[in-house]
Every structure is written in structure tokens, then in C-alpha cells.
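Dear colleague,

Please find below the structure that I am handing over to you. My notes on what was found in it follow directly after.

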Amino acid sequence: MAQIISGFWLQRGLLLVHAIENLDEVKGLYFSARRIRFVEESIAKKYSEKKMRCPTHLSTGQELAGAAIGVVTNSDDLAVSTHRAHAHYLGKGGDLDSLIAELHGKETGCSRGRGGSMHLVDRSIGFEGSTAIVGNSIPVAVGLAKGIKLSKENKICVVFVGDAVFETGVFYESVNIAATWGVPILFICENNFYSVYSSLGARQPKGRENHQLVNAMGIPSEFVDGMNGLAVYTALKVAAARVRETCLPYFIEMSAYRWREHCGPNYDNHIGYRTEEEFNGWRAKDYLAGLERFLLSENVLDQSAIERHENETLREIELAFDRAMLAPSPKSTDFNKFEYRL
């Protein structure tokens, strides 16, 4: 196994170069992330109509990891997510109609209207579920990765976590067993510096690098600037290839920043837990603008394509909401029934 790992990392430089040279994938990442942002902003706009009655945790501003995973992994790879799952579901290839219907509690939703925003599942695309409980999905992901290893399938499992997961016991237990078993799992931590209204500094020791904790427990790790779209794309592409090649775990922590409130469609800078200056500073570093500038400079994107994508996406979203309104609600007699879409 040591030879496999060594051989892989000897190729890492070539993979990095190839990742940047694959401009079609970078363009796909840009359009996927932009589509997710339009979806999230549309949900925020329509939430006040009170037809979506479930709590909703939007990903506006931190769509990148979810969009990237659909570009750098295979369609039959598995993914598990958190309470903020919309971007991960759509990025993995989730159906927009199914997502919008689920938010409205309709039978045509990806969880057949039983789960709402925080409990998305669609096994037809390898999205094995999301959960409202911080850290709750991590042992599930490690178990899925163990299953992949036992069956000797050419797959990996991706699990998304937030920075608050470092305050849960199950995280350390899961990291320990993943390292001990040696399973093909890619941990992606989206560190947006807040857990509800509590800053990172109020919850964790000053100066601690969380990804280094994971490294000390036996899983190689790195930190990536989440406002640099190319850096995130490259790191995830290389990491996913590494996990697949070595059949061993890897951990990536990336910075992120949610624009809207922890739960709900509004902006909440006025309540005092973060400043308007901080918020505007992060918005000014928006990774989407950086990706757009790069692709325009490389002449693989032009303004007409950007406008066309916006028009097509907004129309797609509008139709998804229309179809959700017409879709049937679950029958009360069937609330205790659920069948996965296989």
C-alpha cells in the first residue's frame, strides 16, 4: 500500500496541471455553482409565500463544494450530507423538480414529501441522505465506505461536514475507525466560521487548525481557500482521485461563508453576531466572480453564454415551482410508508 501511495503522490503535480488545463470541467463547475445559487435565491424569494412549510438552510455563497463534487467524482460514487444539503444534492446530480417538490412536502419529492429540506435522499444518483443532526451522517458515510471496500467496487464515498462537527464526539470516533479500517472516504469540511449564531472563536480554541487534528489521527488532510474556485476544484479533483486509487480516507477543510441567515430566507447581519463589514468583505471575494473572470480571460466563456445560461436556468426553476404546485401531497394513510428510488 505504501508503494501505491508513493506512486500516486509522484503523479500529483501532473494531476494538478491537468486539472487546470481541463477548462471544460472548470466551465461546468462555474455553471453548476451558478445554477445552484439561482435555485437558492429563488427559494429565498418564494419562501414568504408560506407554501414551503419546512425549515430551510440555504447555501447561498457556499455552493462551491457541492457543485465541484459533481464534476470531480463519478455518477455512481456515494455522497452523504448535512442539514445544509441543497447544493450537495444538486451538485451530485439531483433532480431540481424533486428538490422543489420535497420542499413543498409533495409526493414527487426526492424523499416523497416526508423529509423536507434537511432530509434529502435519492439513491438513484448515489445521494444516500442528509440529516438535521450535526455529525449524525458521518458514521453512516464511514459505513458506506466500508461496504465499498468489502465489495471491491471502484467507488468512493463523500461526506460533507461543517466546522461545528469538531465539537461532537461521533466525529472523532468516525475519523478513528475510518483511519483504522482504511476506507475510501473523502471528508469535505465547509468551514463557514459560525454555528447558528456562535462564531468559531466562541466555540473552539484560538489558533487551532482543525484539519491538522484529523491528520494527527491518521488521515492525510489539507486546507483550501474556499473563495478560490480553481484551488477548490483542483484540490477536490486530486483528493477524489487519491481516495479512489489508494482506497484510503482523505480530509479537506475549506473556508466558506453563508450569505443568508442560519435557517431561513433572510439576511440577519442586524442581530449582531456578525458585522455588515465582515459580510460585505466575504461577498467581495465571491468565488463565482473569480471563476467567471478566469473563464472569460481564457476565452472559453463569453457574455452571451452567461446570459443564455441565466435565462435558461431561471426558466427551469420557474417550471419546477409550477410543477411542485400541481404535484399531489402524500396521503395521510401512507405517511408511514417510504420506498427509495432505485
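In which helix is the place of Asp 24? Asp 24 belongs to helix H3, which covers residues 23-46; helices (H or I, at least four residues) and strands (E, at least two) are DSSP runs, numbered from the N terminus. Please note that this is a predicted model, in which local features need pLDDT of at least 70 and side-chain atom pairs count only at pLDDT 80 or more, while totals for chains, interfaces and linings use all residues. Residues are numbered from 1 along each chain as its sequence is written, and side-chain values use heavy atoms, with hydrogens and water left out.

**Exposed and buried positions**

Asp 24 has a relative accessible area of 56% and is therefore exposed. The terms are used as follows: buried means under 20% relative accessible area, exposed over 50%, and partly exposed in between (1.4 Å probe, protein chains only). The C-alpha atom of Asp 24 is separated by 41 Å from that of Pro 205, and the two residues are 181 residues apart along the chain.

Val 121 lies in the loop between helix H6 (96-103) and strand S2 (127-130). Its relative accessible area is 9%, so Val 121 is buried. Between the C-alpha atoms of Val 121 and Cys 247, which are 126 residues apart along the chain, the separation is 25 Å.

Helix H4 (residues 64-72) is largely enclosed by the rest of the structure, because 8 of its 9 residues are buried. Among them are Leu 64, Ile 69, Val 71 and Val 72.

**Cysteines**

How many disulfides does a search of the whole structure find? The search finds 0, where a disulfide is a pair of cysteine sulfur atoms within 2.5 Å. For Cys 54, the closest cysteine sulfur is in Cys 263, at 8.8 Å, and this is too far for a bond. Cys 110 is likewise in no disulfide, as the nearest cysteine sulfur, that of Cys 54, is 11 Å away. Cys 54 is buried at a relative accessible area of 14%, and Cys 110 is buried at 3%.

**Aromatic rings**

A pair of aromatic rings is described by the distance of the centres and the angle of the planes. Rings of Phe, Tyr and Trp (its six-membered ring) pair if their centres lie within 6.5 Å; planes under 30 degrees apart count as stacked, over 60 as edge-to-face and the rest as tilted. By this rule there are 12 aromatic pairs. One of them joins Phe 166 and Phe 251, with centres 6.1 Å apart and planes at 75°, so the pair is edge-to-face. Phe 166 lies in the loop between strand S3 (157-162) and helix H8 (169-181), and Phe 251 lies in strand S8 (residues 250-255), so this pair ties together parts that are 85 residues apart in sequence. Phe 166 is buried, with a relative accessible area of 4%, and Phe 251 is buried at 0%.

Phe 251 also forms an edge-to-face pair with Phe 171, at 6.2 Å centre to centre and 65° between the planes. Since Phe 171 is in helix H8 and Phe 251 in strand S8, the pair ties together parts that are 80 residues apart in sequence. Ring pairs link Phe 166, Phe 171, Tyr 172, Phe 187 and Phe 251 into a cluster.

**Salt bridges**

The structure holds 16 salt bridges, each being a side-chain nitrogen of Lys or Arg within 4 Å of a carboxyl oxygen of Asp or Glu. In one of these, the closest N and O atoms of Arg 203 and Asp 163 are 2.7 Å apart. Arg 203 lies in helix H9 (residues 200-203) and Asp 163 in the loop between S3 and H8, so the pair ties together parts that are 40 residues apart in sequence. Both Arg 203 and Asp 163 are buried.

Arg 123 and Glu 128 also meet in a salt bridge (3.1 Å, N to O). Here Arg 123 is partly exposed, with a relative accessible area of 38%, whereas Glu 128 is buried at 17%. A further salt bridge joins Asp 268 and Arg 274 (3.5 Å, N to O). Asp 268 is buried at 3% relative accessible area, and Arg 274 is buried at 3%. Finally, a network of salt bridges links Arg 37, Glu 63 and Asp 286.

Yours sincerely
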